[in-house]
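Me: Please take a close look at one part of this model, the interface between the two chains. I would like the chains on either side described as well, with a note on how far the prediction can be read.

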Amino acid sequence: MTAVGNTPASTPSASTPPSSPPSPPSAFARRDGGTRQLAGTGVLLRFALRRDRVMVPVWVAVTGLMVLSMPNSLRGLYGTAAERADLMRQMNANSSLRALVGPVFDDSLGALTAWRVGVYAGLLAAVMSLLVVIRHTRDEEESGRLEVVASGMVGHRAPLTAALLTAALANGALALLVTGGLAGQGAAGALAFGLGIAGVGMVFATTAAVIAQLTESARLARGLTAGVLGAAFVLRAAGDASTNDGSSFLTWLSPLGWLENERSFADERWWVLLLFVGAALVQGAVAYALAGRRDVGMSFLPTRPGPATGRLATAGALAWRLQRGSVLGWSIGFFLAGVVYGGLTEGAADLVADNEGARQIFERMGGRSGLTDAFLASMIGMLGLIAALYVVGAVLRLHGEETSGRAEPLLANAVGRLRWAAGHLTVAFAGSVWIMLLAGVGFALGYGKEVGPILGACLVQVAGVWVVGGVAVLVHGLAPRAAMAAWGLAGAVLLIGWIGPALDAPQAVLDLSPFGHLPKLPGGEMRWTPVLTLIGLAVVLVATGLAGLRRRDVVVS
Amino acid sequence: MTKANPAIEVAGLHKSFGRTHALAGLDLTVETGEVHGFLGPNGAGKSTAIRVLLGLLRADSGSTRILGRDPWKDAVEAHRRIAYVPGDVTLWRNLSGGEVIDLYGRLRGGLDPRRRAELTDRFELDPTKKGRTYSKGNRQKVALVAAFASDVDLLILDEPTSGLDPLMEEVFQHCVREERDRGRTVLLSSHILSEVEELCDRVSIIRKGVTVESGSLADLRHLTRTAVAAELASPPGDLSRLPGVHDLDVQGNRVRLQVDTDKLDAVLRSLTESGVRSLTSTPPTLEELFLRHYQDDVRDAGGADDEGAASGGGTDAHAQERTTTR
């Protein structure tokens, strides 16, 4: 590893007292001469909170809503203590479902809530924290904005401190919301659960803080931190698949496993909170040590040089080159998700068959007949919703290229706007077919039956995905300054599809999402009319957006 | 249109962003084969005009032709023969400089690999670095190498040397001269007056979206004043009665004065009548030329609409104008 951040501020010399510790390797040259490493933290914190004034509250509210809605929907499904005890027994007996959500420790509504949403609330808190921390650290450095900030009265460690404090405030707000909202199920359990979710958040906030010191690119830092989070999920899943009380060594390796092992609402183990505190402190200390010892804008993992000559010859090739990494990531994710959920199908159907309420909800969410079909349909539907995020991200690359100023010189070449857009839109729209197809192959491999119907069901989702993508093209073409609103649409569609049925939302609301109109496959009857209508709508949206793009000014910053 | 097909022809160009009138009737003619300086204070509308010429922005009204084509409707065909260097080059973080140079070349009329290698060398550019690791000057070099190595007829350079060191500035000027020698047309927007003076055949000065001067540097110099100092054989006649004379200062046989350059002839005639012992005449510098136009902005911002009514100006140019004798 070649370290870049070595500007020795004090070299060991005769003036160094003999008792001082040996000088560290040059890569970590000491730079603790600065007495005001934290100067300016307050200003930066206020600035960070102002920049995050929309994203963080929305994220906290959505995560909180997901948690707080759960006791109600569980009460509807498992109204009696006997039903809940039954659920707990069956759950803990089914290793594949334990892998998905973890074991149940008690049959109270509170404990079932913590079981059902714990892993996912922890994931959401972790993703929020990693986004916040990297946004205010590496993103700022990579863009060069930090350079100006750092030239003011700002200490070396102030930006990192402000970022971590922002994450701490966000996670604190989430803990408060969860504790307050679940207090009715038991104050101690609510407090433990709220603190645990915030604990997962802070562990990944500090992980992100360390990784942000290592990479030069914010995108890479986000990807690596998300990879650590994915590994934490897999470790916990593997541990829970092998034991039914969370005692596996693998589970204990994962912060998500700690949240589970805290046993909120089931005779809480408060000492587990120390694990969160300890991990956050250790990682925070490492990040601080690194942050104080490297140059602004530099990293410990410098970028490798690229080729001196290039083979890119068209705007389409460039679009593919820019997006191929993301397509690869989504492909792997969707394929693996297909394999995992496909493998869970038999067990899940057995379990659900025993519970009338769960069967109803599964049927509402997806299927008509046959519980395996219902399970498959709801899982495939969920992946369809997630693919909507992919398509929005891929379409909005156009927006990113434009606002960053990279599109301007590109379009000053012999590249028409439509040709420029076509490259990215092909990646977006063909890519969404591709990842749904891969998910289908994964399902087919994991489940081993019904290959044709499963593939068909996956492809039908594409109609919904395309409509969301079409809206993104439309907004980018007609109102480029509002392009980010397309994320709001994808989020709304996800919310409607994900928790709408569980909340018993009225049909009018469910109908707002294009996915609500798709036939429930496999198992249901294939209806071509809504599918073709949605595809037609997507085509119209894309065409209108492109027409707008041709007519409007290129956005200049 | 007297000459054959100007490379750029703009007349009465208007472009507004909301309530801001960025261009309010701009005129610009760039003849084929010339290096044309495009000057104006910050916010005068230079970059907006260039973006209209490149078909990135749509004109509200006025006529625009670039290489004989409509820049909006025929953008792609026109761009085949154009290379553009923006003032602030942004690169893709995961593409090397070499990849970007080759891509831009292929997206234009093609790239001469020998010239590319030579230019990379002359600009001392490392083409293997990735976009995010280049400094500002090096990012400019990537775009400059791509532009100079491309097979095109027209180069549009929007403050292309920001961030270049003086040595590289030298290389840049050399390259522009080579381009002119090869018969190519260059539109050079710049704030560096020495660069403009060194390179440009003609210049256009714009202010608040309107062209205020256009012509060769020699033409423009005629619009300003020449400083004259002379020692005469006998006291001069009544010079103050001559048109275009300012700041007249007569001390016995010595005379110092400023004269509008196009009125120089009459002043010299009058001086020779008294017998000239010695004479120095200083032509106006380009700086003075620009300050005159640039400072109109300052004055307008001050609320005065009449030149003579300007007050409190602290610069020499102002002082001279305000102390006009007669």
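Reply: What follows starts with confidence, goes on to the interface, and then turns to each chain.

This is a predicted model, and the predictor gives the complex an ipTM of 0.78 and a pTM of 0.78. For chain B the mean pLDDT is 85, with 88% of the residues at 70 or more. Residues 301-326 of chain B have a pLDDT below 50, yet this stretch makes 29 contacts in the model beyond near neighbours in sequence. Where pLDDT is low, the predicted coordinates should not be read in detail. The contacts of residues 301-326 of chain B come from a stretch with pLDDT below 50.

Now the interface. On the side of chain B, 36 residues are in contact with 40 residues of chain A. Three residues of chain B stand out: B:Leu56, B:Trp92 and B:Leu107 supply 20% of the area that chain B buries against chain A, more than any other three residues. The size of an interface is often given as the accessible area lost when the parts come together. Between chain B and chain A this buried area is about 3,400 Å², and carbon and sulfur atoms give 54% of it. There are also charged pairs across the interface, with a count of four salt bridges between chain B and chain A. B:Glu99 forms a salt bridge with A:Arg321, in which the closest N and O atoms are 2.6 Å apart.

The two partners can be set out by their secondary structure. Chain B comes to 11 helices and 13 strands, whereas chain A has 24 helices and zero strands. Of the 326 residues in chain B, 50% are buried; in chain A, buried residues make up 52% of 557. Chain B exposes about 14,500 Å², with 47% supplied by carbon and sulfur atoms. For chain A the accessible surface is about 23,100 Å², and 66% of this belongs to carbon and sulfur atoms.

Contacts within each chain can be sorted by separation in sequence. In chain B, 67% of the contacts between residues at least 6 apart join residues at least 24 apart. In chain A, residues 24 or more positions apart account for 76% of the contacts with a separation of 6 or more.

Chain A is divided into domain 1 (38-301) and domain 2 (314-557). The centres of domain 1 and domain 2 of chain A, taken over C-alpha atoms, are separated by 27 Å.

Two loop positions in chain A give some local detail. A:Ser248 lies in the loop between helix 11 (218-242) and helix 12 (249-252) of chain A. Its relative accessible area is 9%, so A:Ser248 counts as buried. Leaving aside neighbours within four places in sequence, A:Ser248 is in contact with A:Gly239, A:Ser242 and A:Thr243.

The other position is A:Gly370, in the loop between helix 16 (356-365) and helix 17 (371-395) of chain A. A:Gly370 counts as partly exposed because its relative accessibility is 45%. A:Gly370 and A:Pro522 are 152 residues apart along the chain, and their C-alpha atoms are separated by 9.5 Å.

Conventions:
Residues are numbered from 1 along each chain as its sequence is written. Chains are lettered from A and ligands numbered from 1 in the order in which they are written. This is a predicted model: local features need pLDDT of at least 70, side-chain atom pairs count only at pLDDT 80 or more; totals for chains, interfaces and linings use all residues. Side-chain values use heavy atoms; hydrogens and water are left out. pLDDT is the predictor's confidence in each residue, from 0 to 100. Contact means heavy atoms within 4.5 Å. Helices (H or I, at least four residues) and strands (E, at least two) are DSSP runs, numbered from the N terminus. Buried means under 20% relative accessible area, exposed over 50%, partly exposed in between (1.4 Å probe, protein chains only). Domain bounds come from an automatic or database domain assignment. Accessible areas come from the Shrake-Rupley method with a 1.4 Å probe; for residues, only the protein chains shown count as cover. Buried area is the accessible area (1.4 Å probe) that two parts lose on being put together, summed over both. A salt bridge is a side-chain nitrogen of Lys or Arg within 4 Å of a carboxyl oxygen of Asp or Glu.
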